[in-house]
Amino acid sequence: KKLRLEKLKGTKSITKDGYEVLLAGNIGAPEDADKVQQQDGQSIGLFRTEFLYMNREDSPTEEEQFAAYKETAEKMQGRPVVIRTLDIGGDKEVDYLRIPKEENPFLGYRAIRLCLDRVPFWKVQLRALLRASEFGNIHIMFPMIVSIEELVQAKQILEEVKGELRREGAAFNESVPVGMMMETPAAALMADVFAKEVDFFSIGTNDLIQYTMAVDRMNGKVAHLYSQYDPAVLRLVKKIVDSAHENGIWAGICGEAAADKALLPIWVGLGLDELSMSPVSILPIREQIQGLSKADCENLVKKIFLLRTGNEIEEALKHCR
Ligand code: PEP
Ligand code: MG
């Protein structure tokens with residue numbers, strides 16, 4: 001099996017009838033880019049920058065962050081590197097940020113909410129990201145967006161930072177692509193509007209499932225309700241992908257479900273452009289894609305969308321393999 005996967009290196013993730021999906025890697029540090037390359041990932045679909053902030057006494061400086069982003073961009077040699085701005089809070093804690101304890105941290109002060117509230121602090125990261133954009137194909141992505149106001153505000157702050165860098169004469173990529181995580185039902189339902197404001201969508205199924213099903217993703221007691229097969233979740237994914245394509249932008253998935261073998265035909269059928277996953281999943285998923293036909297996957301989507309429950313869908317997907 002290992003040898004078989006080894007042989008897939010250098011080949012494309014393309015179906016029998018010619019539909020190509022970009023397979024990307026999720027990383028938490030520049031070193032992880034090596035793993036993505038070892039597994040022949042075509043790009044980095046999610047750099048979780050919060051790991052740069054965790055397990056230390058205070059925030060990483062602009063220079064530290066710049067070095068990390070630049071190193072990653074350079075390692076990927078011009079291939080896309082989607083870097084997500086700080087997504088702290090929820091299950092990820094950082095003591096020195098002194099975030100007050102909350103009853104419902106997943107519904108509270110986290111991610112973009114915190115960054116829009118602490119603009120000078122956030123700008124340090126944006127400066128580092130923009131400066132690093134000179135050294136490769138960096139894409140900037142905002143997490144946990146629920147409203148157009150938040151997105152507009154985030155983009156405005158990014159523009160301010162560009163202005164500051166321009167005045168300082170610092171080099172950066174003026175047209176760095178800007179995208180957003182699609183991980184809340186509010187964003188998914190408004191995807192047609194959001195699609196006019198960004199260059200790409202990346203679907204965070206981990207949170208999208210949690211917020212759609214109203215199930216804390218860390219709570220084992222209600223884990224049976226947390227399902228990537230639920231038709232409510234799949235309808236939101238379809239809405240996101242269709243809205244992206246109607247507006248000429250790409251859509252990917254960077255949550256765990258991107259590497260779910262049972263759902264892969266559904267992702268292909270729905271027309272996902274990119275799937276970003278743990279590097280070890282890349283070659284097995286490539287192998288599976290090469291055995292699929294896009295036309296069959298589209299028919300399967302039609303069948304699956306007639307079903308009423310996650311269990312029915314999960315069962316149906318088992319039998320079609
Ligand atoms: C997600 O929510 O699916 C996602 C990719 O982000 P994280 O797991 O970091 O919340
Ligand atoms: Mg998330």
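The model is predicted: local features need pLDDT of at least 70, side-chain atom pairs count only at pLDDT 80 or more, and totals for chains, interfaces and linings use all residues. Residues are numbered from 1 along each chain as its sequence is written, and chains are lettered from A and ligands numbered from 1 in the order in which they are written.

**Overall fold**

- The protein has 15 helices and eight strands. Helices (H or I, at least four residues) and strands (E, at least two) are DSSP runs, numbered from the N terminus.
- The C-alpha trace spans about 60 × 45 × 35 Å along its principal axes.
- Of the 321 residues, 44% count as buried. Buried means 20 or more other C-beta atoms within 10 Å of the residue's own, exposed means 12 or fewer, and partly exposed lies in between; C-beta atoms are placed from the backbone.
- Take the contacts between residues at least 6 apart in sequence: 70% join residues at least 24 apart. Two residues are in contact if their C-beta atoms, placed from the backbone, lie within 7 Å.

**Ligand 1**

- The shell holds Leu46, Arg48, Asp87, Glu183, Gly204, Thr205, Asn206, Asp207, Cys254 and Gly255. A residue is near a molecule if its C-beta atom, placed from the backbone, lies within 6 Å of it.
- Strand E2 (43–48) and helix H10 (205–213) each give two or more residues to this shell. H10 gives the most, with three.
- By class, the shell has two nonpolar, four polar and four charged residues. Ala, Val, Leu, Ile, Met, Phe, Trp, Tyr, Cys and Pro count as nonpolar, Asp, Glu, Lys and Arg as charged, and the others, Gly among them, as polar.

**Helix packing around H6**

- H4 (residues 62–75) and H6 (residues 119–132) pack at about 35°, with their axes 8 Å apart. Axes are lines fitted to C-alpha atoms, for helices over the stretch in contact, and angles run from 0 to 180 degrees between N-to-C directions.
- The contact of H4 with H6 has seven nonpolar, two polar and four charged residues.
- H6 and H7 cross at roughly 65°, and their axes come within 9 Å.
- On the H6 side, the contact with H7 uses Val119, Trp122, Lys123, Leu126, Arg127, Leu130 and Arg131. H7 supplies Ile157, Leu158, Val161, Lys162 and Leu165.
- This second contact has eight nonpolar, no polar and four charged residues.

**Single residues**

- Phe66 sits in helix H4. It is buried, with 20 other C-beta atoms within 10 Å.
- Phe66 touches Ala128, Arg131 and Ala132, not counting residues up to four places away in sequence. Its C-alpha atom is separated by 8.6 Å from that of Leu130, 64 residues apart along the chain.
- Asn55 has a positive phi of about 55° although it is not a glycine. It lies in the loop between helix H3 (50–53) and H4. Asn55 counts as exposed, with 8 C-beta neighbours inside 10 Å.
- Met144 is not a glycine either, yet has a positive phi of about 60°. Its loop runs between strand E4 (137–142) and helix H7 (148–168). Met144 counts as buried, with 25 C-beta neighbours inside 10 Å.
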